[in-house]
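Colleague: I would like to learn how to read a protein model step by step. Could we take the features in turn, with the general idea before the case at hand?

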Amino acid sequence: MRNEFLSCCYFIDLFVAFSEDTLCVGVSRVGADDQGIQTGTLSSMTDVNLGPPLHSLVVVGKVHPLETDMLKLFAQDKDMVEKYAELA
C-alpha cells in the first residue's frame with residue numbers, strides 16, 4: 001500500500017474543468033498549531049499551499065450571511081466571496 005495523500009491543489013486540477021468558479025474552502029490539519037484554511041474559487045485555489053497533509057476540500061453551496069462573513073476571514077478575495085453569496 002502506498003502512503004500518499006491527495007493535496008487540495010491536485011484535486012482541484014482534476015476538478016477545475018467542470019466548474020472553475022465554484023466557491024470552496026481548503027483546510028489542512030484542522031485543530032493543529034499549523035492548520036491551514038483558505039477560501040477561494042476552485043481556479044484560484046490551484047496555487048494555494050496548505051502545507052503537509054491531511055487536506056480536505058469543502059465545496060460551498062448556498063450560504064447564510066454569517067457564513068459569508070466567516071468565509072471572508074480566510075478568503076484571498078473578499079469581494080469574490082460577497083459576489084458568490086449574492087448569486088447563491
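Modeller: Let us begin with a pair of facing residues: in strand 3, valine 58 is the bridge partner of valine 25. This is a predicted model, in which local features need pLDDT of at least 70 and side-chain atom pairs count only at pLDDT 80 or more, while totals for chains, interfaces and linings use all residues. Residues are numbered from 1 along each chain as its sequence is written, and side-chain values use heavy atoms, with hydrogens and water left out.

Colleague: In what sense do strand 1 and strand 3 pair, and over how many bridges?

Modeller: Two strands pair if DSSP finds at least two bridges between them; strands themselves (E, at least two residues) and helices (H or I, at least four) are DSSP runs, numbered from the N terminus. Here strand 1 and strand 3, residues 55-59, pair in the antiparallel sense over 5 bridges. Strand 1 also pairs with strand 2, residues 36-41, in the antiparallel sense, over 6 bridges, and within that pairing glycine 26 stands opposite glutamine 38.

Colleague: What pattern does the chain follow when read along the sequence?

Modeller: The chain has 3 helices and 3 strands, and their order is α-β-β-β-α-α.

Colleague: Where is alanine 75 found, and which residues is it in contact with beyond its neighbours within four places in sequence?

Modeller: Contact means heavy atoms within 4.5 Å. Alanine 75 sits in the loop between helix 2 (65-73) and helix 3 (78-87), and it is buried, at 12% relative accessible area. Leaving aside neighbours within four places in sequence, alanine 75 is in contact with Gln38, Thr39 and Val81. Threonine 68, in helix 2, is also buried, at 5% relative accessibility, and, not counting residues up to four places away in sequence, threonine 68 touches Val63, Val81, Glu82 and Ala85.

Colleague: How many salt bridges does the structure hold?

Modeller: Side chains of opposite charge can pair when their charged atoms come close. A salt bridge is counted when a side-chain nitrogen of Lys or Arg is within 4 Å of a carboxyl oxygen of Asp or Glu, and the structure holds 2 of them. One joins aspartate 34 and arginine 29 at 3.2 Å, N to O; aspartate 34 is partly exposed, at 42% relative accessible area, whereas arginine 29 is buried, at 17%. Another joins lysine 72 and glutamate 82 at 2.4 Å, N to O. Lysine 72 lies in helix 2 and glutamate 82 in helix 3, so this pair ties together parts that are 10 residues apart in sequence.

How values were computed. Buried means under 20% relative accessible area, exposed over 50%, partly exposed in between (1.4 Å probe, protein chains only).
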